[in-house]
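I opened my notebook on a structure that is new to me. I wanted to follow the strands and then look at the charged side chains.

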Amino acid sequence: MLETSGGRVVEDMLDAADRDAFHVLRDGGALAVADDVPAVMCPACGDHAVAPRKISGVLQGLCPECGYVEITNASLKAWAVDLEWLLGRLRMAFGIASRQDSEELVAGAMWKVGDYKVGRHSRRIVFARRLADHGTHKAFRDALAEKIERDNAVIISTTSRSAAMVSDISIPYIHLAEIVHLRSGKLERDEDRWNWCLKPAHLR
């Protein structure tokens, strides 16, 4: 969801295999209600988009193959990742003081999560997504050059390293699923992967 342009999911459209993961995320607070979807796939054939309308008090849609089909309210309810939840949980995972606010560096795509401090040293934690998109990637590069100290940051992203085209960047770049794990509604840091991030570039 973090990588798609729409970034929304409808529970009724999920495969049975994906619903358990959806429920974990929703019940843990990671998802927030998004704008309702204007049309849904026909629940009978699954081949045509139908626009919902109330007919005689019943929510229905007209499918060119199946005729009028009943539509559930749940099929119109869309969910999206709650970015404030994600940024807040990342701050907690890295022990960043709650008084530190995350800062958006590229609209909808890149944030300074906060500064991780150990003694007199600190690392700036950056979260980025959708870096495979050309426009987003350019804005990401510009923000790195203008707002991030070259050797003093770690980039956490939902874009794979190959798709993000960051092989020339010396800053540690790691996928979100590698560095944190969701447990009991919290994100827990993977210490082995974090220690890898802290190594000098020539030792990674």
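I began with a term: two strands pair if DSSP finds at least two bridges between them. I also noted that this is a predicted model.

**Entry 1: the hairpins**

I looked up strand β5 (residues 53-55) and strand β6 (residues 58-63). Three bridges join them, and they run antiparallel. That count meets the cut-off of at least two bridges.

Next I checked the turn. The hairpin of β5 and β6 has two residues between the strands. S56 takes a positive phi there, near 55°.

I moved on along β6. How many bridges does β6 share with strand β7 (residues 67-70)? I found four bridges, again in the antiparallel sense. Within this pairing, G61 has V69 in β7 as its bridge partner. β6 and β7 also form a hairpin, with three residues between them.

Strands of a sheet pair through backbone hydrogen bonds, either parallel or antiparallel.

**Entry 2: the open sheet**

I turned to another group of strands. An open sheet of three strands has the order β1-β8-β2, and the pairing is antiparallel. Which strands stand at the edges? They are β1 and β2 (31-33). Each has a single partner strand, so one side of each is left without a neighbour in the sheet.

R8 stands opposite A80 in β8.

Helix α1 (residues 16-27) lies across β1, β2 and β8. Helix α1 runs at about 80° to β2.

I also stopped at T4, in the segment before β1 (8-10). Is T4 buried, partly exposed or exposed? T4 counts as partly exposed, because its relative accessibility is 41%. T4 and R129 are 125 residues apart in sequence, yet 9.4 Å apart in space, C-alpha to C-alpha.

**Entry 3: the salt bridges**

Side chains of opposite charge can pair when their charged atoms come close. I looked up how many salt bridges the structure holds, and the count is seven. I went through some of them.

I took R26 and D27. Their side chains meet in a salt bridge at 3.2 Å, N to O. R26 counts as partly exposed, because its relative accessibility is 26%. D27 is exposed, with a relative accessible area of 60%.

I then took K138 and D142. Their side chains meet in a salt bridge, 3.2 Å from N to O. Where do these two residues lie? Both are in helix α3 (residues 134-147). They are four residues apart, about one turn of the helix. D142 is partly exposed, at a relative accessible area of 32%.

I finished with R183 and E188. The side chains of R183 and E188 meet in a salt bridge, with 3.2 Å from N to O. R183 is partly exposed, with a relative accessible area of 45%. E188 is partly exposed too, with a relative accessible area of 39%.

Key: Residues numbered from 1 in each chain as written. Predicted model: local features only at pLDDT ≥ 70, side-chain atom pairs only at ≥ 80, totals over all residues. Heavy atoms only, no water. Salt bridge = Lys/Arg side-chain N within 4 Å of Asp/Glu carboxyl O. Buried < 20%, exposed > 50% of the residue type's maximum accessible area, 1.4 Å probe, protein only. Contact = heavy atoms within 4.5 Å. Axes fitted to C-alpha atoms, helices over the stretch in contact; angles between N-to-C directions.
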